[in-house]
Amino acid sequence: MIDVKNLWKNYGNKVVLEGINVSVKEGEFITLVGASGCGKSTFLKLLLGTETASKGSLLLDGKPIKGEPDSDRGIVFQQYSVFPHMTVLENVIAAKGFAEKGITGLLWGRKRKEAKAAAERMLDKVGLSSSSHLYPHHLSGGMRQRLAIAQALMGKPRILLLDEPFGALDPGIRKDMHALVLDLWRSEKLTVFMVTHDLHEGFYLGTRLWVFDKLRHDPQAPDAFGAGITFDLPVGQTDPKHLETIEENMKEFSHD
Amino acid sequence: MKRLLNQQPSSFTRVILGLLPFIILIGVYVIASDIRLEANPNDKLLPSIAQMSEAIQRMAFEPNRRTGEYIFWVDTFSSLQRLMLGVLLAASLGLCIGLLTGALPLVGASFSPIITVISLIPPLALLPILFIVFGLGELAKVALITIGILPFIAREMQRRTQEIPHEQIIKAQTLGANTSQVLIRVLLPQLTPRLLDAVRLSLGTGWLFLIAAEAIASTEGLGYRIFLVRRYMSMDVILPYVIWITFLAFLLDWVLMKLKDRLFPWQRQGGHS
């Protein structure tokens, strides 16, 4: 589904990503981990279309991926990804409305009724049906992320991008969110990319783990080399030893 | 005894402390006016409260002998009409300009520099031009108020648009939204409460331009009246008019504040999420 061929990304002289070659099949759940500033978020932005590659190509079904966000790729950010001026239900209905052509994307009559029913079903799935009339500022962080996920899924994306979606949540709530995401991934047949700080999260969630790290390191010119994917592991069949080595590697470089 | 830094007034003392300066001010005025009127009953500088209420009684509740109008209310009505029209025009134009320049980089690139330059022109310097172009009628006065506060509102709206987290705009696009949908459904509703804030801030300037325009060329209006009676040193009219203008300004501000809370329940606690 997605093919990455010799992908490079640099900002001026600062090389962020270098020589990435990888391909992804439909339905995979990939977690991206790495120290901060290692380019995993940049890679996600390339997938999203808010950044473009400096060199190489990023192909979706054999065609270059679009250079601006569209409904193929859904996104959930760590924060700010729901609309504060709409209630929970309106947020999800708006997702349906934006899929229509038109100046406002407002829905009327039968279409609105259908969208409302679909939105209610979706809220039920993520466990927010009892809060549908509230505004986002009344919700807890976990509920807000549930809403953001529900909204993203209403757009029926093929690929779901998660940019540290649970970074700001308590560990207990994070567990619930993991269960929710796994459940939705299976039922909606999505391809998921999730960026996370938490290596354990990456190891126990999903089918494939990518570790982003610098392949070469020049202490005199820290910006000269970018990061690549240093580990590409199928999750579920790996040795716990691997986790330790990667963890150690990440610690080593977390100072840069 | 706590440090002065940490001493909080109780709600009762807070009210008393707040009223105290007003009471002192009125007290000082009454005493000073008494002293002056004692020395010279025809003194015009500090009229007594009785003289002022008599003047207002005459202007607000008795028809004018020559025209049959209630001057006070005619003045109030025409001033408020000019102010509202000017502010309304500036607010709607400013909202459109700010939204478009803030949200669309191409529009922003072409309009931001000219808005910055225009906002540097002192609006009063344009008044003669406005009088020449629009004549001495209502249009010139409304135009002065609009031109006076439009740059502020437009720039404020532009800044507020850019302040809205970009994540929301990206999110809307991943749901399939086109440019106009993002502008109308995501940005515009979040700007309206901020527009009310900007209008509240610019009302003070609006009054300034209103009174200036009325002082120069007008036949009625609050600003016109105080500048007219200045010739006769009628402090008994000027002072109540100033208090009335202050009260109107306060009232407008209060109404806008209440309107904002009422209309936008989603933005009361910080807003962004």
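Contact here means heavy atoms within 4.5 Å. This is a predicted model.

**Helices in chain B**

Two packed helices are described by the angle between their axes and the distance between the axes.

| Helix pair | Angle | Axis distance |
|---|---|---|
| α9(B), residues 222-229, and α10(B), residues 235-263 | about 160° | 9 Å |
| α3(B), residues 71-103, and α10(B) | about 40° | 12 Å |
| α4(B), residues 105-120, and α6(B), residues 138-163 | about 140° | 9 Å |

Start with α9(B) and α10(B). Their angle is about 160°. Angles over 145 degrees count as roughly antiparallel, so α9(B) and α10(B) are roughly antiparallel to each other. Their crossing is left-handed. Which residues of α9(B) meet α10(B)? They are B:L222, B:R225, B:I226 and B:V229. On the α10(B) side, the partners are B:V237, B:I238, B:Y241, B:W244, B:I245 and B:L248. By class, this contact has 9 nonpolar residues, no polar ones and 1 charged one.

Helix α10(B) also packs with α3(B), at an angle of about 40°. That angle makes the two helices oblique to each other. Here the crossing is right-handed. Helix α3(B) brings B:I71, B:F72, B:W73, B:D75, B:T76, B:L80, B:L83 and B:M84 to the contact. Helix α10(B) brings B:Y241, B:W244, B:L248 and B:L252. The residues divide into 10 nonpolar, 1 polar and 1 charged. Look again at B:Y241, B:W244 and B:L248 of α10(B). They take part in the contact with α9(B), and they also take part in the contact with α3(B).

The next pair is α4(B) and α6(B), packed at about 140°. That makes α4(B) oblique to α6(B). Their crossing is left-handed. Helix α4(B) contributes B:S112, B:I115, B:T116, B:I118 and B:S119. From α6(B) come B:P151, B:R155 and B:Q158. How many residues of each class does this contact have? The count is 3 nonpolar, 4 polar and 1 charged.

**A cavity in chain A**

Rolling a probe the size of a water molecule over the atoms shows where empty space is left. The count comes to 1 cavity of 30 Å³ or more. The largest cavity has a volume of about 40 Å³.

What lines the largest cavity? The residues are A:I149, A:L153, A:L160, A:L162, A:V181, A:L184, A:W185, A:L190 and A:V192. Three elements of chain A give two or more residues each: α4 (141-154), β7 (159-163) and α5 (171-188). Helix α5(A) gives the most, with 3 residues. By class, the lining has 9 nonpolar residues, no polar ones and no charged ones.

Technical notes. Residues are numbered from 1 along each chain as its sequence is written. Chains are lettered from A and ligands numbered from 1 in the order in which they are written. This is a predicted model: local features need pLDDT of at least 70, side-chain atom pairs count only at pLDDT 80 or more; totals for chains, interfaces and linings use all residues. Side-chain values use heavy atoms; hydrogens and water are left out. Axes are lines fitted to C-alpha atoms, for helices over the stretch in contact, and angles run from 0 to 180 degrees between N-to-C directions. Helices (H or I, at least four residues) and strands (E, at least two) are DSSP runs, numbered from the N terminus. Angles under 35 degrees count as roughly parallel, over 145 as roughly antiparallel, 65 to 115 as roughly perpendicular and the rest as oblique. A crossing is left-handed if the near helix is turned anticlockwise from the far one by less than a right angle, and right-handed if clockwise. Ala, Val, Leu, Ile, Met, Phe, Trp, Tyr, Cys and Pro count as nonpolar, Asp, Glu, Lys and Arg as charged, and the others, Gly among them, as polar. On a 1 Å grid over the protein atoms alone, a cavity is a set of points where a 1.4 Å probe fits but cannot get out, and a pocket is an open set with protein on both sides within 12 Å along at least five of seven lines; lining residues have an atom within 4 Å of a point. Grid points are joined across faces, edges and corners, and a volume is the space filled by probe spheres set on the points.
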